[in-house]
Amino acid sequence: MSNQMLRIVVAIALAIVILGCGQKKVAEKPKPEAPKFTATVEKLDAMSYAAINSMGPYDGVGEAMKRLMSWTGTAKVQPSGAPFGLFYDDPAKVKPESLRWSVCVPVPDGTKPDKKAGVEIKRLEPSEIAVTVHVGPSAGAGPTYAELAKWIAEQNLEVAGPAIEFYLSPPTVTPESLKTKVGFFVKAKAPTAPAETAKKEEKKEEVPGGKPPKTGR
């Protein structure tokens, strides 16, 4: 190999080394871990609330809630708490057109119903609810509810009423950032009835000169 050719090869090699050193490897950002599921049991005090009852797909909740909150302004009713929704049917078991639900807002005692606006005034007695926070569109809350139902069973509780949702974010928040407190009304699980201890076990002693007693098999 000639000296000139050797110089060219060395120059190319050096250029490759220099370029390689100049390129910094971009470290891949680790994917954020999914937040650990947490739930708690909260107490609801007795309250009066205004409600608009509906039947149909749950995606109509937003419009119904706008109607209800608009009514509070027109009727000059000052809400006494955060608005919430009640959902009486499991969408996995009931057809969309048959789903029953209500949009609600706490109101002062003595508030009058408005039949023309479709607003009823109801009373909620002191209750306990198991709740967790769902982040994202309400339509994607199914897995959150499933996890919550599992947690309820592990706490020796049982569902004792409809699902409930409290809407924690203002309307300007993007669907991906929406925060909704979802829950179920719960109560202590009823103790299971003890097995009948008086039931006699079948004797398996062999009968002299005959066959053993039958066991039902």
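Is phenylalanine 84 buried or exposed? In this predicted model, phenylalanine 84 counts as buried, with a relative accessibility of 2%.

## An aromatic pair across the chain

Let's start with the rings. The model holds 4 aromatic pairs. In one of them, the rings of phenylalanine 84 and phenylalanine 166 have centres 5.6 Å apart and planes at 45°, so this pair is tilted. The partners come from distant parts of the chain, 82 residues apart: phenylalanine 84 belongs to strand E3 (residues 84-87), and phenylalanine 166 to strand E7 (residues 157-167).

Phenylalanine 166 is also buried, at 12% relative accessibility; the cut-off for that label is under 20%.

## Neighbours of the pair

Tyr49 joins the picture too: ring pairs link Tyr49, Phe84 and Phe166 into a cluster.

Phenylalanine 166 has a charged neighbour as well. The charged end of lysine 181 sits over the ring of phenylalanine 166, 5.9 Å from the ring centre.

## Two loop residues with positive phi

Now for the backbone. Which loop holds lysine 76? You will find lysine 76 between helix H2 (61-74) and E3. Its phi is near 55°, a positive value in a residue other than glycine. Lysine 76 is exposed, as its relative accessible area is 77%, and the label applies to values over 50%.

Asparagine 156 is another non-glycine residue with a positive phi, here near 60°. Asparagine 156 lies in the loop between helix H3 (142-154) and E7. Strand E7 is also where phenylalanine 166 is found.

Technical notes:
Residues are numbered from 1 along each chain as its sequence is written. This is a predicted model: local features need pLDDT of at least 70, side-chain atom pairs count only at pLDDT 80 or more; totals for chains, interfaces and linings use all residues. Side-chain values use heavy atoms; hydrogens and water are left out. Rings of Phe, Tyr and Trp (its six-membered ring) pair if their centres lie within 6.5 Å; planes under 30 degrees apart count as stacked, over 60 as edge-to-face and the rest as tilted. Helices (H or I, at least four residues) and strands (E, at least two) are DSSP runs, numbered from the N terminus. Buried means under 20% relative accessible area, exposed over 50%, partly exposed in between (1.4 Å probe, protein chains only). A charge sits over a ring if NZ of Lys or CZ of Arg is within 6 Å of the ring centre and within 35 degrees of the ring normal.
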